Amino acid sequence: GRAVILRNYENIFSDLAKSGVRLSALWACPYDYGGCACDACKPWILTFARLTREIHAIAVKYHPEIEMRFIGWWWSDEEYRLFAEWADREAPGWVKSLALHVPYGAFDVPDAPLPQGCERQAFVHIGYGEDTDPMDIYGEFGPVIAADRLERTLAALKAHGCTGWMAYSE
């Protein structure tokens, strides 16, 4: 599977470069809980980090200025710690930013360790459709708004030193 993944990325980055597209950043997100759950892949976050480093090395061949950024959606405290330790040990300076997950019901990012030199950013779910009655995760009844929560969230992120954020919606 790993060879297929790497070959697919080689093709993607090559095709983009041939088409004149120049990438400046690669955002990696292990999406939800990821991984195959086999013993060889544990801990998953480090398997993902190593694979992403290989993918980034391919990207650099075609897009020499491309930066590596991560999205920590659903990462546990332990995964943040393991990732920061691994990056500082195995890839110092490689991670440019990490968008920390703002958990449901919270207004701020966790106080998670970051790799050295990594910008603290935030992954913000802009609407909690599962909190509506009736439940409307995919907006079938119209857009889910969260004006008060988002205003409070952005103020908390600024106070916590976040340099940026990304919005997510189902």
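This is a selection-by-selection tour of a predicted model.

Residues are numbered from 1 along each chain as its sequence is written. Local features need pLDDT of at least 70, side-chain atom pairs count only at pLDDT 80 or more, totals for chains, interfaces and linings use all residues, and side-chain values use heavy atoms, with hydrogens and water left out.

**Whole chain**

Start with the C-alpha trace, which spans about 45 × 35 × 35 Å along its principal axes. Colour by secondary structure: the chain has four helices and five strands, in the sequence pattern α-β-α-β-α-β-β-α-β. Helices (H or I, at least four residues) and strands (E, at least two) are DSSP runs, numbered from the N terminus. Of the 170 residues, 39% count as buried; buried means under 20% relative accessible area, exposed over 50%, and partly exposed in between, with a 1.4 Å probe and protein chains only. Among contacts between residues at least 6 apart in sequence, 65% join residues at least 24 apart, where contact means heavy atoms within 4.5 Å.

**Helix H1**

Select residues 2–18. The 17 residues of H1 should span 24 Å at 1.5 Å a residue, and the end C-alpha atoms are 24 Å apart, which agrees; the expected span is 1.5 Å times one less than the number of residues. Now show the side chains of Leu 6, Phe 13, Ser 14 and Ala 17, which are buried. These residues cover an arc of only 100° around the axis, which puts them on the same side of H1. The arc is that of the directions from the helix axis to the C-beta atoms. The buried residues of H1 pack against strand S1 (25–28) and helix H2 (44–62). Just after H1, stop at Gly 20, where phi is positive at about 90°.

**The sheet**

Next, select the strands. They form an open sheet of five in the order S1-S2-S3-S4-S5, with parallel pairing; two strands pair if DSSP finds at least two bridges between them. S1 and S5 (164–168) stand at the edges with a single partner strand each, so one side of each has no neighbour in the sheet. From one strand to the next, the twist averages 25°. Axes are lines fitted to C-alpha atoms, for helices over the stretch in contact, and angles run from 0 to 180 degrees between N-to-C directions.

**Strand S2 and its surroundings**

Select residues 67–72, which make up S2. Five of the six residues of S2 are buried, so this strand is largely enclosed by the rest of the structure. On one pairing, S1 and S2 run parallel over four bridges, and Ala 25 stands opposite Glu 67. On another, five bridges join S2 to S3 (residues 95–101), also parallel, with Ala 99 of S3 as the bridge partner of Ile 71.

H2 lies across S1 and S2, at about 150° to S2. H3 (residues 77–90) lies across S2 and S3, at about 175° to S3.

**Last stop: Pro 134**

Finally, select Pro 134, in the loop between strand S4 (119–125) and helix H4 (147–159). Is Pro 134 buried or partly exposed? Pro 134 is partly exposed, with a relative accessible area of 48%. Draw a distance to Phe 48: the two C-alpha atoms are separated by 36 Å, and the residues are 86 apart along the chain.
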